[in-house]
Amino acid sequence: MNKLKLLCVIDSLGSGGAQRQLVSLSIEFKKAGHDVSFLVYHTENFFKNLLEDDQIQVHEIIEPSYIKRILKMRRFIREGNYHAVLSFLEAANFICEVAGMPSRKWKLVVGERSSNPNIFKSFKLRFYRWFHLFADFVVSNSNENMRMVKKINPLLLSGKCKVIYNMVDSRLWDFSDNCEPLKNGKLNLLVAASHQYLKNANGLIEAVYRLSEEEKARIKIEWYGDEQPNNSFKEAMDLVQQYRLEKIFSFFAATKDIIQKMQEADAIGLFSFYEGLPNVICEGMSLGKVIISSNISDVPLLINNPNLLFNPVDTAQISKVLSYLISLKNDELIEIGEKNLSLSKTLFQKDLIVKEYLELLNLNSFTNHL
């Protein structure tokens, strides 16, 4: 494979799942001998130091005017002499697709990362997906997300639509048998998600409130994630206080030590109303942890135990799953976790996923060579 001059484009280097995946991929591309750089248009630097450690340059175009931002980024991309551009998230995808008009000499791969149902209602979100006609490949991290995109844009050829699951580096996210389940007689449930309404903190809190007093005494919940510019975090804190659940819930900022925190947990929870393929599910499975989750996206294909899945809008269902989780004994937790670990080694293997992306980005398969 030829050495690529590759540009990765996303909104920011914040602590989100899409950012985590693109940063991780770029580091692997660099290790494979390619020339990699980043282009962002918001200043959030949670992952920036990881790129700097691997000498991956980050370019910022901070422009409040949307039209001017598009034009400046278009000029930057067109003048960069790149062999390939890989973008994640809808606005970044749109900008890169516009940058390639009316013609381009670089390969363009755009990444879909969310199964937001509003995609069917919003003209802007549907409009963005029509511009995928101007990309070489559209990659989604879930079959459900790809189904939605193809429904909106039926002109997309199946050959340019690819589903590639999230990458997990087993050297970092690796099963450890040093963590004994149910320390201190309590089930330690971890949630790793930013504070926004779609993550459904209130639904989880309401579900915990429904538990019996005996069950409440046997569960501890730690939530790691940064606040977003809305009132979701404040509302969640107020609800915890209203229901007097302060001894159960602990909230922390997003941390780069999340691997250690997840290793120490007994189970990983996802309560979102919608997602693409959540990193926390893939990573939790790779750590050999029990997963409880909203029945969304491709999660039912990964977690085939109906007792661990729930409708996120139904707090009674969430509470029922929590009751089941609390009832599990040590050996049952370990058995479920080992099954998750075995499946993760097949689905999220780093080398395979990096290879799949590089095959799409490879200049040899692109007719308009530089």
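## Confidence

pLDDT is the predictor's confidence in each residue, from 0 to 100. This is a predicted model, in which local features need pLDDT of at least 70 and side-chain atom pairs count only at pLDDT 80 or more, while totals for chains, interfaces and linings use all residues. Residues are numbered from 1 along each chain as its sequence is written, and side-chain values use heavy atoms, without hydrogens or water.

The chain's average pLDDT is 92, and 95% of the residues score at least 70. Residues 365–370 stay under 50. For this stretch the model has 16 contacts (heavy atoms within 4.5 Å) beyond four places in sequence. Where pLDDT is low, the predicted coordinates should not be read in detail.

## Sheet

An open, parallel sheet has six strands, ordered S10-S9-S8-S11-S12-S13. Strands are DSSP E runs of at least two residues, helices are H or I runs of at least four, and both are numbered from the N terminus. Two strands pair if DSSP finds at least two bridges between them. S10 (249–252) and S13 (309–310) are the edges, each pairing on one side only.

S11 (267–270) and S12 (290–294) run parallel, joined by four bridges. Ala267 has Val290 of S12 as its bridge partner. Helix H14 (330–347) packs on the sheet and touches S8 (187–192) and S12. The direction of H14 makes about 75° with that of S12; axes are lines fitted to C-alpha atoms, for helices over the stretch in contact, and angles run from 0 to 180 degrees between N-to-C directions.
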